[in-house]
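Here's a quick briefing to read with the model open. Have a look at the fold, then go through the points below.

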Amino acid sequence: FVAEHPRWEEAIRILLRDWPLCMHPYPRSEATLARLRAEGYGLYLLSNYHKPFFDRVSWHSRLMDSVDGAVISSEVGLLKPDPAIYRKLCETYGLEPSESLFLDDSAANIEVAASLGFGTLHVRHPEQVAKLLLQRSGEAGHKDTKNLG
């Protein structure tokens with residue numbers, strides 16, 4: 001970024017240094033994850049997060065304690081919506097797309113996941129996740145879903 005905008009170098013460096021400090025979990029996220037885990041769902045993370053930022057986000061250790069596995073784009077050299085990163089998640093953790101529900105805020109990512117056989121949930125607001133997931137987990141037609149990611 002600095003090479004493209006040298007006059008903003010100081011501001012860019014401060015932003016890149018301090019940005020992870022601004023990240024906080026949504027209030028219901030931890031409770032939702034705990035409830036879904038208690039119901040027996042596998043929870044997996046597929047993220048386009050830049051590894052140095054991911055490592056510095058203050059809440060990530062709690063998040064990582066809540067999931068069964070994660071594929072971080074910068075660690076595998078792939079980015080969503082490349083189908084290869086979804087396949088990498090499945091291969092790494094032995095997941096079947098047809099037994100998994102993929103959540104994302106990007107329509108492009110949802111589209112690719114659906115084309116690979118995942119059930120999908122397009123998240124437009126974090127509070128929507130808790131309500132829809134918990135509602136969905138109780139529906140008879142979704143008992144075949146074993147994994148959420």
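## An exposed loop residue to start

Asp 105 counts as exposed because its relative accessibility is 61% (exposed is over 50% relative accessible area, buried is under 20%, and partly exposed is in between, with a 1.4 Å probe and protein chains only). This is a predicted model, where local features need pLDDT of at least 70, side-chain atom pairs count only at pLDDT 80 or more, and totals for chains, interfaces and linings use all residues. Residues are numbered from 1 along each chain as its sequence is written, and side-chain values use heavy atoms, with hydrogens and water left out.

**Around Asp 105**

- Asp 105 sits in the loop between β3 (100-104) and α7 (107-115); helices (H or I, at least four residues) and strands (E, at least two) are DSSP runs, numbered from the N terminus.
- Setting aside residues up to four places away in sequence, Asp 105 touches His 122 and Val 123 (contact means heavy atoms within 4.5 Å).

**Overall layout and confidence**

- The protein chain has eight helices and five strands, and from the N terminus on they run α-α-β-α-α-β-α-α-β-α-β-α-β.
- Of its 149 residues, 37% count as buried.
- Take the contacts in the protein chain between residues at least 6 apart in sequence: 59% of them join residues at least 24 apart.
- Mean pLDDT for the protein chain is 83, and 82% of its residues reach 70 or more; pLDDT is the predictor's confidence in each residue, from 0 to 100.
- Where pLDDT is low, the predicted coordinates should not be read in detail.

- Strands β1 (residues 42-47) and β2 run parallel and are joined by four bridges (two strands pair if DSSP finds at least two bridges between them).
- Tyr 44 has Gly 69 as its bridge partner in β2, and Ser 47 stands opposite Ile 72.
- Ser 47 counts as buried because its relative accessibility is 11%. Not counting residues up to four places away in sequence, Ser 47 touches Val 71, Ile 72, Ser 73 and Lys 80.

- The largest nonpolar core has 18 residues, and Leu 43, Leu 45, Ile 72, Leu 103, Leu 121 and Leu 133 have the most contacts inside it. Such a core is a set of buried Ala, Val, Leu, Ile, Met, Phe, Trp, Tyr and Cys residues joined through side-chain atoms within 4.5 Å.
- Elements giving two or more residues to this core are α2, β1, α3 (51-56), β2, β3 and α8 (126-137).
- A second, separate core of 13 residues includes Tyr 44, Ile 85, Tyr 86 and Phe 102.
- Leaving aside neighbours within four places in sequence, the contacts of Leu 45 include Phe 54, Leu 63, Met 64 and Leu 89.

- In helix α2 (residues 29-38), the buried residues are Thr 32, Leu 33 and Leu 36. Seen down the axis, they fall within an arc of 100 degrees, so they line one face of the helix (the arc is that of the directions from the helix axis to the C-beta atoms).
- Ala 31 and Ala 38 are exposed on the other side of α2.
- Just after α2, Gly 40 takes a positive phi of about 95 degrees.
- Ile 85, Tyr 86, Leu 89 and Cys 90 are buried in α6. They cover an arc of only 140 degrees around the axis, which puts them on the same side of α6.
- The cover over the buried residues of α6 includes β1, β2, α5 (73-76), β3 and α7.
- Just after α6, Gly 94 takes a positive phi of about 65 degrees.
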